[in-house]
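Here are my notes on this one, as numbered points you can check against the model. Have it open while you read.

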Amino acid sequence: MAIFPPKPQMPAQPAPARTMPTPAAAPTLAADDVKQAKALADRIRARFSQTLIGQEHLRESLILTMVAGGHILIESVPGLAKTTAAQTLATSVSGTFKRIQCTPDLMPSDIVGTQVFDFATQKFTTQVGPIHANFVLLDEINRSNAKTQSAMLEAMAEGASTIGGERIALPKPFMVVATQNPIEEEGTFALPEAQMDRFMMKAIMNYPTADEEKRMLALITRRGSDMLDPLQLQGDRLSIRDVEFLRAAAKRVYVSDAIMQYAVDIAATSRGAGSHPVQGLGSLVRLGASPRASIALVRIGQANALLKGREYVIPEDVKSVVADVLRHRLVLTFEALADGVTADQVIDRIVQAVPVP
């Protein structure tokens, strides 16, 4: 007889199911917030009307990029007011603004900052460079060398810079407006694909019409100076808090699954995949758009909808900015370049192939 009688076998109890935490739903965007965002954007447009004639597409691209929280690259021949447009946006906000004229001998310490030895205290002190500002204009960015461009890439990608082994965060909001001249090749350095991909949008400026050029001359004549003086511009400037409000409000704009799928299909089609591939695209595109392109399409689409007075994104909000988001992310083949095919022509075929939801 057993000293300890066996215990009855109990049926094994199933392990409790592990429930995944559901992500918190984004707060809805109130109608008052939409009206306030549109009013703030109109204040910026009013300042542009005092400095820039025509170029509505460039103006909207600058505002959209600021609201979406990205960086923008502007490309055009000299004399089309690239610098004026960038200065107008930067001086429309009461934040800090720095302009960096890029040259081949520009060093990383010239833009990031350096450490200076103080003989009085016998210690090194850190002096930050002009990259530490809310709005930074990199004029003729393709004239800077590869080492300097790597320092710019760190600031654009990480939102911080490294000086003497010390990581220093950049002020928020932070936005880079870079310009480049496409016709000059001597003394220039092509931007690497990794840095081009960090720009949310790339805007192309064209020559003004005869009427716009006449209106520009009349504006300069009335102003009495060829130089832009931000102090003479009428209208209140936006505060840093206003910019942060615009960016936070844009992220709360509703994006449906169909719009997200539309952005994904556009980016995937540029890589030769997608649900509606373009015939013969492989002979034209060597490298398609990265997933950062689909993120930019959604973020710009949200900003576009907000500034148009809507709390939801429609397909046109995304479709209207596809060229600006993709043109600098597509690497064309040698055959395409030899045949004179442009990135915009390839993008037009992609947009036509992908059905609009």
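1. Contact here means heavy atoms within 4.5 Å, and buried means under 20% relative accessible area, with exposed over 50% and partly exposed in between (1.4 Å probe, protein chains only). Helices (H or I, at least four residues) and strands (E, at least two) are DSSP runs, numbered from the N terminus.

2. Before going on, some ground rules. This is a predicted model, where local features need pLDDT of at least 70 and side-chain atom pairs count only at pLDDT 80 or more, while totals for chains, interfaces and linings use all residues. Residues are numbered from 1 along each chain as its sequence is written, and side-chain values use heavy atoms, with hydrogens and water left out.

3. Which residues of α14 are buried? In this helix (residues 343–353) they are A343, V346, I347, I350 and V351. Looking down the axis of α14, you'd see them fall within an arc of 140°, so they line one face of the helix; the arc is that of the directions from the helix axis to the C-beta atoms. As a reminder, an α-helix has 3.6 residues a turn, so residues three or four places apart point the same way.

4. T269 is worth a click. It sits in helix α9 (residues 257–270), and it counts as buried because its relative accessibility is 0%. A polar atom of the T269 side chain lies 2.5 Å from the backbone oxygen of D265. Neighbours within four places in sequence aside, T269 is in contact with G274, H276, P277, V278, L281, I350 and V354.

5. Now the nonpolar cores, meaning sets of buried Ala, Val, Leu, Ile, Met, Phe, Trp, Tyr and Cys residues joined through side-chain atoms within 4.5 Å. The largest has 74 residues, and L62, M66, V67, L306 and V346 touch the most other members. Helix α10 (residues 291–307) is the top contributor to this core, giving nine residues. A second, separate core holds 24 residues, including I111, I141, M152 and I168.

6. What does V67 touch, leaving aside its neighbours within four places in sequence? The list is L246, R247, A250, A303, L306 and L307.

7. On to the sheet. It is open, with five strands in the order β2-β5-β8-β1-β9 and parallel pairing; two strands pair if DSSP finds at least two bridges between them. β2 (97–101) and β9 (201–204) are the edge strands, each pairing on one side only. From one strand to the next, the twist averages 15°. Inside the sheet, β5 (residues 135–139) and β8 (residues 175–180) pair in the parallel sense over four bridges, and F135 stands opposite M175 in β8.

8. Helix α3 (residues 82–91) packs on this sheet, touching β1 (72–75), β2, β5 and β8, and its direction makes about 175° with that of β5. (Axes are lines fitted to C-alpha atoms, for helices over the stretch in contact, and angles run from 0 to 180 degrees between N-to-C directions.) α3 is mostly covered, with seven of its 10 residues buried: K82, A85, A86, T88, L89, A90 and T91.

9. Two asparagines in loops deserve a look. N134, in the loop between β4 (123–128) and β5, counts as buried at 7% relative accessibility. Beyond four places in sequence, N134 touches G95, T96, P171, K172, P173, F174, M175 and I240. N142, in the loop between β5 and α5 (146–158), is buried too, at 9%. A polar atom of the N142 side chain lies 3.4 Å from the backbone oxygen of N181.

10. For the overall picture, the chain has 14 helices and 11 strands, and 45% of its 357 residues count as buried.

Terms used: Polar contact = N/O pair within 3.5 Å; in protein donor to acceptor, adjacent residues only side chain to side chain.
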